[in-house]
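Please open the model in your viewer and keep the selection panel at hand. The tour below moves from one selection to the next and says what is there at each stop.

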Amino acid sequence: MSLHRINLKINGVAEQVDVASNTTLLQMLRDRLALTGTKNGCAAGECGACTVMLNGEPINSCMILAVECEGADLVTIEGLAKDGQLDVVQQAIIDQGGVQCGFCTPGILISARALLNRNPDPTDYEIRDALVGNLCRCTGYVPIIAAVKQAAQMQKQAAQ
Amino acid sequence: MEKSDSQKIPQPVGENVQRIDALEKVTGSAVFGDDIQFGPGLLHARIKRSPHPHALIKKIDGSKALALPGVKAVVTGEGFDGYLGLYLQDRHIFATDRVRYVGDPVAGVAATTEEIAEKALDLIDVEYEVLPAVFDPEYGATPEAPLLHPDLKNYAVANFIFPKADTNISNHFRIRKGDTSSAWAQCAAVVEHKYRVPHIQHVPIETHVAVARVDDRGKITLWGSSQSPFAQRNLIAKALHISQSDVEVIAPYVGGGFGCKAGVSMEALAVAIAMKVRGRPVKLLLTREEEFHTAFVRQGVVAYFKMGCDKDGKILAMENRYYWDGGAYTEYGVNITRASGYSGTGPYRVPNVSVDSFCVYTNHPVGGPMRGFGMPEMHAGLEQCVDELAHAIKMDPAEIRLRNCVRGGDIILTGMKMHPTGLSECIQKAREAIHWDEVHPASGPNKRRGKGMAIMWKAPAMSPNAGSSAWVEMNEDGTATVGLGGQEIGQGTFTVMAQIAAGTLGIPFENVRIARPVDTDYSPYEWQTVASRLTWSMGNAVMAAAKDAKRQILEVVAEAWKENIDDLDIVNGNVISYKTEESISLQDITIYGMPRENFNGWIGGPIVGRGKFMPTYVTGLDPETGQGERSVVHYTTGAQAVEVEVDLETGRVEVIKAVAAFDVGKAINPKLVKAQMEGGLVQGLSTAFFETLRLKDGVVINPSFVDYRIATSSDAPADIESIIVETAQDDGPFGARGIGEHSLVPTVPAVANAIYAATGVRVGAPPFSAEKVFLALMEAGLVKGV
Amino acid sequence: MHSAHPGLPEFDYVKPASLAEASAFLKAHVGEARPFMGGTDTFVRMRDGFWKEKYLVDVKHLEGMQDITYDPAAGLVIGAAVNMNRVVASPLVKEHYPLLAEAAHSVASYQLRTRATIVGNICNASPAGDTTGACIAFDARLKVHGVDGFRFEPLQTFFKGPGKTVLQPGDIVVSIHFPPAPRGAQGKYIKLGRNAIGDLSIVGITVLGYPDASSSSGYRFKIALASVAPTPFVPAPAEALLAEKTITPALLEEAAQAAMDACKPIDDVRSSAVYRKAMVRNLTHKALVDVWGRLSAAAR
């Protein structure tokens with residue numbers, strides 16, 4: 001099996017990694033770069049715990065090969081807060097009590113950030129639709145949906 | 001200065017403080033089992049499993065697998081003759097002579113990569129002699145069924161579990177109270193039904209993971225996603241015939257438990273494999289598919305109910321029988337059987353009761369504890385029957401519950417006197433919040449609206465003497481570190497314990513830290529993180545430890561200040577004297593003590609408070625009648641009500657509004673209590689609408705998220721109201737008792753009763769998938785068939 | 001017990017520089033190589049051990065693969081590697097083929113749609129594909145690059161069975177071509193899954209209707225059903241009824257009944273055949289009523 005040298009940017013930092021063909025982006029992040037905030041919940045694109053932002057779009061990192069990420073700009077949960085300042089989605093999910101066991105939280109926050117990037121003022125339905133690929137077994141989603149709404153408000157206020 | 005009232009609830013108890021683990025969980029820095037870094041020495045394990053539900057193992061040959069480059073060990077049951085089991089020791093670490101479910105582990109491989117280990121599995125040859133299997137608990141309980149555990153009579157068993165030798169019945173719990181046979185004649189209505197509640201699974205988003213390392217002198221270290229570090233230490237040590245103190249279990253954050261990470265499931269496999277590659281850590285991480293195939297299940301049950309009431313709605317008798325599909329082994333099944341026996345009438349005052357609860361070995365996956373511990377399964381049918389009784393005598397279903405629900409002072413089915421409980425208040429509040437008496441129009445001509453209610457009770461189901469302990473250690477800066485052995489599995493227990501410690505000590509919440517991860521070598525003993533018992537039991541231990549630390553501090557200051565200790569207190573991190581109004585910060589004095597007058601020596605030293613709690617009052621029950629003075633420590637009670645809309649075109653049921661009201665004694669953190677009520681409700685709805693672990697000839701046929709659906713963000717009701725009722729628990733910290741599991745117990749029957757109210761059709765056992773509801777409507781002639 | 005591997009099995013990732021190179025490679029490695037787009041099916045089937053390819057050939061970067069273009073005369077072209085989210089968000093698709101956007105939006109989750117492609121789903125010939133019905137209704141064709149160069153394959157004759165298509169070794173679908181949408185067309189996709197959003201379809205109902213002077217009713221309806229047959233299913237008798245008879249509420253019911261009678265779904269882990277049949281009738285009716293409502297409103 002061949003190895004591939006790839007260059008990409010992760011959370012603003014340039015990285016060079018040698019990966020095997022069958023290494024998924026998720027495996028590279030967790031096993032090679034020790035970026036373990038991104039979680040493995042099913043390895044089948046169903047649970048969303050491994051969601052990262054690839055060139056601005058959320059994606060299941062278990063569903064893409066590392067070698068396909070040559071030249072990519074990647075944001076993981078570790079890169080969501082900037083200079084010690086929480087992203088509004090992080091602050092809002094704390095405020096609303098949308099964190100319990102915390103295992104789905106990284107993926108949910110990436111999905112939420114991506115939603116607010118493309119739609120700064122989502123409706124309740126649009127929030128649910130955007131999070132349907134992020135399974136959570138603890139919270140019942142209600143506080144998470146409320147958190148995305150709060151984050152949209154915070155983002156709007158900060159922009160004013 | 002006024003001396004504070006000792007009865008007053010101190011800050012921050014009762015306040016919505018921010019979760020202590022929130023920041024690390026939103027930044028990705030919280031460490032879960034699979035996140036721990038072990039370096040290049042780490043080996044990966046995979047497990048060879050039985051493809052047969054029931055077979056004898058004739059031969060296992062691992063020689064080819066061992067020859068594969070990268071493979072470091074191939075391990076079978078040879079040399080592991082000990083038994084695992086919490087209440088009934090019936091399971092070897094690896095199956096040795098016989099496999100009893102599809103997925104039963106027969107061998108394990110350790111290799112340098114997961115992929116090599118996986119490849120090696122194909123090279124292990126196992127010869128089986130297939131045997132007839134048992135897939136139905138009722139059949140399994142009959143003499144005709146093949147015997148799955150011929151050695152049952154020789155297994156070690158707890159003194160409150162009653163296996164029947166030479167049968168598949170691993171426990172039979174009986175209640176006989178009053179005289180049911182003569183009661184039926186006095187009933188104005190009698191309802192009789194059978195429900196077959198399917199297997200479901202816990203589905204934590206984090207699958208099971210364990211890493212084990214065995215050092216040169218044989219000391220075992222086990223890292224894992226665990227609700228039960230101490231129980232695992234105990235059970236694994238027993239199975240290996242070694243000392244408990246030679247097993248160290250380290251338990252980082254748990255990515256969802258709901259019971260499946262309690263006791264021992266796959267962890268012992270990692271340990272056994274690690275014993276063959278000493279010095280090297282061995283990781284076993286279940287794939288999602290493997291999780292569905294082999295992790296604990298919420299066992300299925302076949303439940304029979306017969307109940308009757310008089311014309312005024314007074315319930316006169318119940319005769320209930322439960323056949324639990326315990327699966328291949330009964331890590332917890334036998335005690336679920338017991339719990340559904342001693343709580344077998346549901347939360348009702350019933351004068352004449354007969355309950356038989358059987359745990360039956362089958363060739364299905366192993367029954368584990370799941371949120372609710374038998375209560376959701378039991379209430380699913382029971383609360384529909386009570387609803388039917390109400391309709392049969394033309395009484396409001398809420399009214400029949402108010403008339404019969406258990407109240408403080410009642411003698412319940414086991415003969416125990418019920419403690420004060422706010423169940424009737426929960427019913428009233430749920431009724432008001434759902435606008436029970438209002439009729440809301442449906443949103444379209446093909447829709448039908450209806451409201452349903454169900455109530456519940458549940459006691460912590462555990463060993464009668466399950467204990468907790470804690471320490472509170474003061475630091476140089478006046479902060480306190482709390483040592484505890486209960487696990488943060490998402491419920492917020494670390495936060496609640498910090499609140500109890502802060503309130504008891506008299507220091508700000510921000511000044512409390514929790515010592516983590518839980519490590520059995522360093523953390524104080526805790527039975528297990530199960531049974532919704534931590535707030536109450538571990539809370540008592542933490543409170544006692546904080547009190548002990550406080551007493552030690554005040555003794556030092558009293559001596560230094562030459563004051564009476566009763567005049568001193570700790571308020572907001574300072575020791576104060578009510579008498580002299582003198583005040584001193586805890587900073588420094590809790591480590592270095594205080595100087596005597598004129599520097600004539602020192603008083604005190606490092607402060608470490610210790611505390612424990614163990615219920616000592618639970619009595620045994622008569623094996624024939626189930627009667628005894630105190631069957632359980634206490635009951636948490638509550639009610640849920642839902643309004644649904646049924647789509648006649650598809651059978652899909654939408655929950656318009658859901659209401660939950662539970663008596664938690666005292667909410668230490670109301671926001672976290674409501675989070676349990678809300679999250680549990682949606683999990684309950686998930687089981688009501690979507691979930692079944694589909695077993696065909698013992699094989700799980702939906703072992704992935706593609707076909708084992710759980711509720712998504714699109715399925716949570718838009719309108720949920722959670723109501724806290726507080727009737728203090730006499731031995732709970734600040735009056736608190738548990739709420740973690742209770743919140744999903746009544747959900748399924750509440751939905752079923754609402755569907756009935758909307759359509760006049762009873763849908764029976766869950767899940768109430770759109771398909772099931774539509775086909776029921778079709779059968780009733782309400783919609784056009786095909 | 002069948003259990004998926006923890007990770008992907010070994011294979012070599014191949015990234016050819018041109019379509020010609022890609023087709024030649026695939027042809028030279030029959031049974032060993034497979035082109036892949038988003039991998040949402042490919043990776044799952046490889047983890048499951050059902051597909052054991054030695055080479056996965058990435059073709060997403062090749063010419064035309066990432067383009068969406070529209071021409072009023074020629075219609076819409078969507079490159080094979082254009083992901084579903086781009087289809088949903090494309091103003092061109094929204095304006096001219098809203099049915100396609102609606103169907104694409106119903107697929108799985110947002111983050112999976114970052115990978116999933118319309119063409120990929122068509123090539124895997126899943127009976128549950130949500131977007132295939134719209135592609136059939138719009139008479140889409142696939143542009144295929146094989147060892148002998150380019151050709152077009154109409155969708156009507158593309159599917160040979162579950163997972164089976166007319167594609168030959170060396171073939172790579174490079175784009176899907178939609179003729180201009182019929183004037184005045186109205187469409188509806190109704191997906192019935194177990195969850196409210198996401199999930200695979202228990203049934204998926206695509207209806208496209210438009211004025212057509214050549215038919216007796218003055219309208220033509222295209223209907224495609226997902227998850228009721230081994231391949232996406234067109235209930236021809238229902239379409240015929242709606243073309244031949246004057247459209248009335250009773251005819252819409254009759255057509256829905258005809259759609260149900262025409263299909264022979266099976267029992268599987270997702271649903272019983274009986275329920276599927278009833279849902280084909282009820283939801284085809286619902287979709288027809290919706291589409292007809294808009295068509296008749298436009299005619300007034």
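Select helix α9 of chain B, residues 333-342, which lies across β7, β14 (315-327) and β15 of chain B and runs at about 10° to β7(B). Here helices (H or I, at least four residues) and strands (E, at least two) are DSSP runs numbered from the N terminus, and axes are lines fitted to C-alpha atoms, for helices over the stretch in contact, with angles running from 0 to 180 degrees between N-to-C directions. This is a predicted model, in which local features need pLDDT of at least 70 and side-chain atom pairs count only at pLDDT 80 or more, while totals for chains, interfaces and linings use all residues. Residues are numbered from 1 along each chain as its sequence is written, chains are lettered from A and ligands numbered from 1 in the order in which they are written, and side-chain values use heavy atoms, with hydrogens and water left out.

In chain B, five strands in the order β7-β15-β14-β13-β8 form an open sheet with mixed pairing, where two strands pair if DSSP finds at least two bridges between them. At its edges are β7 (169-177) and β8 (189-197) of chain B, each of which pairs on one side only, and the twist from one strand to the next averages 5°.

Move on to the boundary between chain A and chain B. Of the area that chain A buries against chain B, A:Gln100, A:Arg128 and A:Arg137 supply 23%, more than any other three residues.

Stay with A:Arg137, which forms a salt bridge with B:Glu691, the closest N and O atoms being 2.7 Å apart.

For the last stop, select chain C together with chain A, where 30 residues of chain C are in contact with 30 residues of chain A. About 2,300 Å² is buried between them, of which carbon and sulfur atoms give 59%. C:Tyr110, C:Gln111 and C:Ile197 supply 30% of the area that chain C buries against chain A, more than any other three residues.

Two salt bridges are counted between these chains, and one to display is that between the side chains of C:Arg115 and A:Glu68 (2.7 Å, N to O). Finally, colour β1 (12-14), α2 (42-47) and α6 (110-113) of chain C, each supplying at least two residues of the side that touches chain A; α6(C) gives the most to that side, with four residues.

Definitions and conventions
Contact means heavy atoms within 4.5 Å. Buried area is the accessible area (1.4 Å probe) that two parts lose on being put together, summed over both. A salt bridge is a side-chain nitrogen of Lys or Arg within 4 Å of a carboxyl oxygen of Asp or Glu.
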